[in-house]
Each structure stands twice: as C-alpha cells, then as structure tokens.
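Here is a short briefing on one protein model. Look over the sequence and the 3D view first, then work through the points below.

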Amino acid sequence: MSYYSPSNCDRLPDHTASLCDEVEYGRIRSAGFILLDHTFDPTLTADWQYGVIHKKIIVIPETNGDSPKATPVMAPAYGLRPESVIGYEFTAHYSDPAFLSNCEFYKAAVGNMNYRFFYRTSSHVFITDVPCSITPNRDIKNDLTSEIVWEVDVKWLSKSFACGVPTPAGVFDTDILNHLPPADGGGGGSIPGGGGGGGAPTG
C-alpha cells in the first residue's frame with residue numbers, strides 16, 4: 001500500500017456530539033473475507049447473499065476475537081514540525097470453532113493476499129479497504145476436555161480506520177447461510193469457498 005502524505009490544508013469534518021449516540025460493544029462476533037475486485041452495498045442483505053452464493057464473500061458467522069489498538073506509522077519530523085502519522089498497522093485475532101471442516105480452507109488462506117477482511121461487533125460491520133494477510137494456527141493442549149479451534153491472525157496496512165455500517169439482517173445467521181441457493185455458475189477462487197470476482201465495498 002502507499003501511505004498518504006501529511007497535509008496542513010484539509011479541514012476536519014464536523015464532530016457530532018450526540019446525546020443519543022448508541023454504544024458499540026466489543027468482541028469480533030463474526031468475521032470473513034471479500035475478494036478484492038468485488039464491489040457491493042454492505043448495507044443490503046441481498047448484496048451480501050449474492051456475494052456468498054457466487055463465492056465472492058466468505059462469511060464466518062460465529063467467532064470470538066479482538067482487534068487491538070493499531071500501531072501508527074510515523075513520518076520524520078522536519079524543521080519545527082513534529083512527526084506525522086502517515087498510516088496504521090492493524091491486526092485482528094479471531095477463533096473459529098469449526099475446526100475439522102475447515103482444514104482445507106485455512107491451508108489455502110496461508111499467503112493468500114486476494115482478500116480484504118471484515119468483522120462484526122455488537123451492531124456494525126467493519127470492512128478493510130486494503131488486502132490482508134491471513135495466518136491460521138491451532139493449539140492442541142494436553143487436556144481431554146479442551147476444544148481445538150482455528151486461531152487466526154489477520155494483518156493489514158491502511159491510512160485510515162474502517163467506519164462501520166449497520167449489520168444487515170440475516171447476513172450472519174448460520175441457518176440462513178446454510179440454506180442459501182447454489183449459484184447458477186459462479187467461478188472458483190484461490191481459497192475454497194472464495195470465488196471469482198471480488199471487491200471493495202464502502203465502509
């Protein structure tokens with residue numbers, strides 16, 4: 001990615017000080033990946049379902065994870081000017097409990113840079129604007145009652161934070177996902193469950 005240059009010319013947009021602003025709560029409750037060249041309206045359930053059916057969007061409906069504070073990337077100081085933020089290094093970590101059925105999926109995800117990442121919090125979905133790296137792993141403990149899950153680290157570099165869009169109805173409902181009709185003839189992708197075509201929604 002190319003970082004943007006610091007500017008002293010741009011004005012900030014209005015800051016909203018609303019007493020009625022809803023509180024957003026944490027935990028990456030769902031996650032997934034979108035092919036880089038796929039564009040759609042992330043506020044519309046039908047657009048999400050089209051992407052899933054045609055293998056352009058991969059939805060992992062039930063996860064447990066977090067995205068820690070991003071690390072600023074700084075430009076050098078010049079003259080009397082202090083250092084300037086020119087971008088951020090972002091990371092996210094999620095656990096996927098569907099272990100046995102997704103071995104091929106996560107094997108194919110290693111080194112695959114054809115997707116952007118998205119995640120869901122309490123009421124909004126956040127979509128990255130750049131490709132991400134996907135690093136799956138698993139921890140098999142010496143414990144007869146421990147659950148083996150996929151532990152996935154996702155990283156991306158961007159100049160800005162994703163702004164969330166309200167979660168469309170049904171998009172992350174496992175029962176609905178399992179009963180979507182098959183595509184009439186969508187292309188395949190480099191990640192099983194990925195697909196041909198893919199993209200850059202807003203968010």
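This is a predicted model: local features need pLDDT of at least 70, side-chain atom pairs count only at pLDDT 80 or more; totals for chains, interfaces and linings use all residues.

**Briefing: cavity, pocket, sheet and salt bridges**

**The cavity**
- The structure has one cavity of 30 Å³ or more.
- The space in the largest cavity is about 40 Å³.
- Its lining is made up of W48, Q49, V52, V59, G170, V171, I176, L177 and L180.
- Two elements, α1 (45–53) and α3 (174–178), each give two or more residues to this lining.
- Helix α1 supplies the largest share, with three residues.

**The largest pocket**
- The volume of the largest pocket is about 640 Å³.
- It is lined by 27 residues, and those closest to its centre are I58, V59, P61, L177 and N178.
- Elements α1, β2, α2 and α3 each give two or more residues to the pocket lining.
- Sorted by class, the pocket lining holds 18 nonpolar, five polar and four charged residues.

- Strands of a sheet pair through backbone hydrogen bonds, either parallel or antiparallel.
- Here, five strands make an open sheet with antiparallel pairing, in the order β2-β1-β6-β7-β10.
- At the edges sit β2 (57–60) and β10 (165–166), and each of these pairs on one side only.
- Strand β1 (residues 30–35) runs antiparallel to β2 and is joined to β2 by four bridges.
- Find I34 in the view: its bridge partner in β2 is I57.
- Helix α1 packs on the sheet and touches β2, β6 (115–120) and β7 (124–127).
- The direction of α1 makes about 100° with that of β2.

**Salt bridges**
- Side chains of opposite charge can pair when their charged atoms come close.
- How many salt bridges are there? The count comes to two.
- One joins the side chains of E104 and K107, at 3.3 Å from N to O.
- Both E104 and K107 lie in helix α2 (residues 103–109). They are three residues apart, about one turn of the helix.
- The other salt bridge pairs K141 with D139, and their closest N and O atoms are 3.2 Å apart.

Key:
Residues are numbered from 1 along each chain as its sequence is written. Side-chain values use heavy atoms; hydrogens and water are left out. On a 1 Å grid over the protein atoms alone, a cavity is a set of points where a 1.4 Å probe fits but cannot get out, and a pocket is an open set with protein on both sides within 12 Å along at least five of seven lines; lining residues have an atom within 4 Å of a point. Grid points are joined across faces, edges and corners, and a volume is the space filled by probe spheres set on the points. Two strands pair if DSSP finds at least two bridges between them. Contact means heavy atoms within 4.5 Å. Axes are lines fitted to C-alpha atoms, for helices over the stretch in contact, and angles run from 0 to 180 degrees between N-to-C directions. A salt bridge is a side-chain nitrogen of Lys or Arg within 4 Å of a carboxyl oxygen of Asp or Glu. Ala, Val, Leu, Ile, Met, Phe, Trp, Tyr, Cys and Pro count as nonpolar, Asp, Glu, Lys and Arg as charged, and the others, Gly among them, as polar.
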